[in-house]
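My notebook is open and I am ready to look around.

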Amino acid sequence: MLSPTPNELAVRARADLRVGLPVAIGGVVLASVETVSQARLDALRTAGPLVLCVSGRRAETLKARAYDGDVARIAVPQDTRLDWLQAVADPADDLRMPMKGPLTTLRGGDCGPWRQGVALAKAAQLLPAVVGVAMTPPAGVTRLPVDEMARPTLPSTEVASARVPFAVHAAGRVHVFREGDGGEEHYAIEIGMVDRAAPVLTRLHSACFTGDVLGSLKCDCGPQLHAAMQAMADNGGGVLLYLNQEGRGIGLANKMRAYDLQDQGFDTVEANHRLGFEDDERDFRLGADLLARLGIATIRLMTNNPRKLTMMQAQGVSVVERVPLHVGRGRDNAAYLDVKRDKSGHLE
């Protein structure tokens, strides 16, 4: 069969949103507020009244009624330009420039396409806001049926592996896995000699470009990464699952937006909410899938995050021990770590 599957169409739709192209979901044609051009916005407007849809979290900040629960559909005033829509969607200037309003939110009707559009924008690591109109989709626009998953979790495929000696241990191997929908690549890193007959010391580590690569002091990610690798070497063996879910799953650009909001006085959870995201958008089922493909069923999990424990166990991974990992606390990240403990339930 040469035609794309529903999952493949969802991948195509995410890519379209990123480059500013509209997509069709059911009888609605919509585009990302972040990437759409003024010309395409004007073309959408010729089909009827525009609707802006934001996540429920963003609606809370805007004081807009979210009649649809996890999303809010906002009627766009006639002749509104793109910069107004982007100001509503992006919290960068919420404090510097008071929001325009009052906002009229819609109720009734089918909000399914709009909810799906916001989910697609999230999966594309864009601001969770879409603008569109009910209309017959034009030719060439990617079309999705309503209720298709915006980011399906399919079995990952191993595409390559090779021996890599590390500073902490000369015996190492890196496995590269690709998501089953052709999305992100994730890495399973064997350090030392991994005994699969015994519980394997394991770390689920989410990519952090600023901490892991640049040595940022705003988080503890870099120290955790290196401490976990050293602990595995000292243990004789272990597995580091390096998941490309930057910024708790919102992407590097949105993480930088959250950092800017933190400089305005919001903590990490509040910043995520103002952007329109949940506290944590990561999917740890990916880690369980990689472990299964490595033939590992029983682990000692290095984490302070109870969600990782719960998710691994829910996916059939036996966690016989939680190994705490408290390193890297300093003046610049103390408040951040306190919020993770107090608001996200991270363990001592």
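I work with a predicted model, where local features need pLDDT of at least 70, side-chain atom pairs count only at pLDDT 80 or more, and totals for chains, interfaces and linings use all residues. Residues are numbered from 1 along each chain as its sequence is written, and side-chain values use heavy atoms, with hydrogens and water left out.

**Entry: two helices**

I looked up helix α1 (residues 6-18) and helix α5 (residues 112-123), whose axes come within 9 Å and cross at roughly 75°. The axes are lines fitted to C-alpha atoms, for helices over the stretch in contact, and angles run from 0 to 180 degrees between N-to-C directions. Helices are DSSP runs (H or I, at least four residues), as are strands (E, at least two), numbered from the N terminus. I wrote down that α1 and α5 are therefore roughly perpendicular to each other. Which residues make the contact? From α1 I found A10, A13, R14 and L17, and from α5 L120, A121 and A123. Contact means heavy atoms within 4.5 Å. I sorted these residues into six nonpolar, no polar and one charged. Here Ala, Val, Leu, Ile, Met, Phe, Trp, Tyr, Cys and Pro count as nonpolar, Asp, Glu, Lys and Arg as charged, and the others, Gly among them, as polar.

**Entry: two positive phi angles**

Next I checked D79, which is not a glycine and yet has a positive phi of about 70°. I found D79 in the loop between β4 (71-75) and α4 (82-89). Is D79 buried or exposed? D79 is exposed, with a relative accessible area of 61%. The cut-offs are under 20% for buried, over 50% for exposed and in between for partly exposed (1.4 Å probe, protein chains only).

R248 is another residue other than glycine with a positive phi, near 60°. R248 lies in helix α8 and is buried, at 13% relative accessible area.

**Entry: E278**

I then turned to E278, in the loop between α10 and α11 (285-293). At 33% relative accessibility, E278 counts as partly exposed. Not counting residues up to four places away in sequence, E278 touches R57, K122, N272 and H273. I also noted that the C-alpha atoms of E278 and G249 are separated by 9.8 Å, with the two residues 29 apart along the chain.

Key. Angles under 35 degrees count as roughly parallel, over 145 as roughly antiparallel, 65 to 115 as roughly perpendicular and the rest as oblique.
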